[in-house]
Amino acid sequence: MKFRKVGPLKGCITVPGDKSISHRAVMLGALAEGKTEISHFLQGADCLSTIRCFRQMGIDIVNDEEKESVIINGKGLYGLSKPAGLLDVGNSGTTIRLMSGILCGQSFETVISGDASIRKRPMSRIMTPLSMMGADIISVEGNGCAPLAINSGKGSFGRLKGIHYSSPVASAQVKSCILLAGLYADGETSVTEPALSRNHTELMLAQFGAEISSSGNTATIRPNPVLKGSKIEVPGDISSAAFFIAAGLLVPNSEILLKNVGINPTREGILTICRQMGADIRLENVRKGSGEPVADIIVRHSELKGTEIGGHIIPTLIDEIPIIAILASVAKGRTVIKDAAELKVKESNRIDVMADNLSRMGAEVTPTEDGLIINGGKPLHGATIDSKSDHRIAMSFAIASLLAEGETEIVDAECVKISYPNFYKDLKSLYAGS
Ligand code: S3P
């Protein structure tokens, strides 16, 4: 797909539902008793993978794609049935890691896998704590990656021990996997992280009636709750809004209103960093959605300056680092992003892929072991961008192309369907009149 410089960007966008929250709503809806109704459900390929997997395990799920609403007739904690074949999570790390925690508590065998990217991503980070709980989970090829076989041995299935796990990584997928396994344990399970990652699982489990508490970086769950079907209104995904926040800041004379965006404190690091860089961003209509804080965001073109990003803020903006790197390449001065080695094990190696593609556009960028150093302010020019089929890379460079001289071509631009199927249509709506 080809892109050219445009501007100014004006208008209002309602970004699609939050990916993390959409996944969790399907999973907890399936494990709850009775009906769960989800509105503004993200119709991205990843969340559709979660729906497909739970349907394969006998859960009745009605998805109205037009209305973005999903109804789940949950069967309770022990209501899943053995799927006929392999569970295929596609590109979705959240599906494979969270679902593995649930599957370890079942009394049937499953094999779970996904696409080429998923089969390269590290799964020992969940296999280690799940094995400590007594789970039977192995990497079929012995390489610490998917396919994963669960309950394939001769042990007593689904009998898990509660543990206190100190996670070496700040990862909501690891934390959530263990907490979900903890639903099936014989006692309390807790997870401590080095820095607090997104807490949607904790908030939603509480909403469904689980006994869960959080203190500092530790979350603790008691086993065997009766989860009750619930109504979930999914807020707009701040990780999707981030692309328009950046577009509004970078393209001269722009002003964009983003409606109904989730601003959970464990997710809104992008707002803090943008302000640190000198951004004109205002929040209006701040309110509580179903258990999650929400606001409308107004963003105006701003002159940005470089900054330092590292430490505890990293998990709160981990998925936004590609677009932050685009901001940094336009900002005046140096930006240092550190403590973000996790970027290497996302849908692509986002440190290398960002450094390579930004360099192709003329930016001065150096990849490091745990981040990027960017000397901003060099004019960007069009280039061929290899998205590596990573949705956030494709969207980041679609925004960079709006400022670049000449034409930019993004290879496999369609991969945005993972988290934002209408991304290009929404983006175009902002400059249609210009
Ligand atoms: C997610 C957690 C994060 C994030 C991913 C979604 C989640 O991954 O990058 O896009 O829904 O829990 P990690 O837990 O691996 O950091």
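Reply: The backbone of Gln173 has a polar atom 2.8 Å from an oxygen atom of the ligand, a polar contact being a pair of N or O atoms within 3.5 Å. This is a predicted model, in which local features need pLDDT of at least 70 and side-chain atom pairs pLDDT 80 or more, whereas totals for chains, interfaces and linings use all residues. Residues are numbered from 1 along each chain as its sequence is written, and side-chain values use heavy atoms, with hydrogens and water left out.

An N or O atom in the side chain of Lys346 is 2.7 Å from a ligand oxygen atom, and a polar side-chain atom of Thr94 lies 3.3 Å from an oxygen atom of the ligand. The protein buries 95% of the 380 Å² that the ligand exposes when taken alone (Shrake-Rupley areas, 1.4 Å probe). Besides Thr94, Gln173 and Lys346, the residues around the ligand are Ser20, Arg24, Ser171, Ala172, Arg198, Ile318 and Asp319, each with a heavy atom within 4 Å of it.

Several of these names return in the largest pocket. Its lining has 32 residues, and those nearest its centre are Ala170, Arg198, Ile318, Asp319 and Lys346. Of these, Arg198, Ile318, Asp319 and Lys346 are also around the ligand. A pocket is an open set of points on a 1 Å grid over the protein atoms alone, where a 1.4 Å probe fits, with protein on both sides within 12 Å along at least five of seven lines; lining residues have an atom within 4 Å of a point.

The lining of the largest pocket has 16 charged residues (Asp, Glu, Lys, Arg), with eight polar and eight nonpolar ones. Helices α1 (19-31), α3 (93-103) and α5 (172-182) each supply at least two of its residues; helices are DSSP runs of H or I, at least four residues, and strands runs of E, at least two. The largest pocket lies between domain 1 (2-16 + 235-433) and domain 2 (19-233), because both give residues to its lining.

The second largest pocket has a volume of about 390 Å³. It is lined by 22 residues, with Leu250, Pro252, His301, Val330 and Leu403 closest to its centre. Two or more lining residues come from each of α7 (238-250) and α9 (321-330). By class, this lining has 13 nonpolar, four polar and five charged residues.

Some backbone details remain. A cis peptide bond joins Gly7 and Pro8, with omega about -15°, and Pro8 is in the loop between β1 (2-3) and β2 (10-13). Another cis bond joins Ala146 and Pro147, with omega about 0°.

Key:
Nonpolar A, V, L, I, M, F, W, Y, C, P; charged D, E, K, R; others polar. Domains from an automatic or database assignment. Points joined across faces, edges and corners; volume = space filled by probe spheres on them. Polar contact = N/O pair within 3.5 Å; in protein donor to acceptor, adjacent residues only side chain to side chain.
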